[in-house]
Amino acid sequence: MADAPPLPEDAIEEKFLAATGPGGQNVNKVATACELRFLVGATTLLDAAGRQRLRALAGRRLTLLDEIVLEAHRHRSREANRRD
């Protein structure tokens, strides 16, 4: 597989949230979970067929606002969840 070009910074929205589940005292106090949002309809990275394929692949991660939402919360640090 060829290296894909990096996503432009304005193509995604990233924010950090308090994680859920086990993890000790840190889990409910510190925003370590990373949420990523990608607006499919506004992207110029894909043609119309590519956007349709991406929507189909996104499944339940696709919102009614045509955003793909991914959440990473496996790790205890922001940096690790962002990489994940």
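**Close-up 1. Arg 55 and its salt bridge to Asp 66 in the predicted model****.** Arg 55 counts as partly exposed, with a relative accessibility of 21%. Its side chain meets that of Asp 66 in a salt bridge, at 2.8 Å from N to O. Arg 55 lies in helix α1, whereas Asp 66 lies in the loop between α1 (48-58) and β3 (67-72), so the pair ties together parts 11 residues apart in sequence. Asp 66 counts as buried because its relative accessibility is 19%, and the cut-off for buried is under 20%.

**Close-up 2. Glu 14 and Arg 82 joined by a salt bridge****.** The N to O distance in this pair is 2.6 Å. The bridge links distant parts of the chain. Glu 14 sits in strand β1 (residues 12-17) and Arg 82 in helix α2 (residues 78-83), 68 residues apart. Glu 14 is partly exposed, at 32% relative accessible area. Arg 82 is also partly exposed, at 48%. Arg 82 does not count as exposed, because that class needs over 50%.

**Close-up 3. Lys 15 and Glu 35 across two strands****.** The closest N and O atoms of this salt bridge are 3.8 Å apart. The pair counts as a salt bridge because the cut-off is within 4 Å. Lys 15 belongs to strand β1 and Glu 35 to strand β2 (residues 33-39), so the bridge ties together parts 20 residues apart in sequence. The two partners fall in separate accessibility classes: Lys 15 is partly exposed, with a relative accessible area of 37%, whereas Glu 35 is buried, at 8%.

**Close-up 4. A salt-bridge network around Lys 15 and Glu 35****.** Which residues join into one network? They are Lys 15, Glu 35, Arg 37 and Glu 67, joined by salt bridges that share partners. How many salt bridges does the structure hold? There are six. Among them are Glu 14 with Arg 82, Lys 15 with Glu 35, and Asp 66 with Arg 55.

**Close-up 5. Thr 43 in the loop between β2 and α1****.** Is Thr 43 buried or exposed? Thr 43 counts as buried, at 9% relative accessibility. Its side chain reaches the backbone nitrogen of Leu 45 at 3.1 Å. Leaving aside neighbours within four places in sequence, Thr 43 is in contact with Phe 38 and Arg 51.

Notes. Residues numbered from 1 in each chain as written. Predicted model: local features only at pLDDT ≥ 70, side-chain atom pairs only at ≥ 80, totals over all residues. Heavy atoms only, no water. Helix = DSSP H or I, 4+ residues; strand = E, 2+ residues; numbered from the N terminus. Buried < 20%, exposed > 50% of the residue type's maximum accessible area, 1.4 Å probe, protein only. Polar contact = N/O pair within 3.5 Å; in protein donor to acceptor, adjacent residues only side chain to side chain. Contact = heavy atoms within 4.5 Å.
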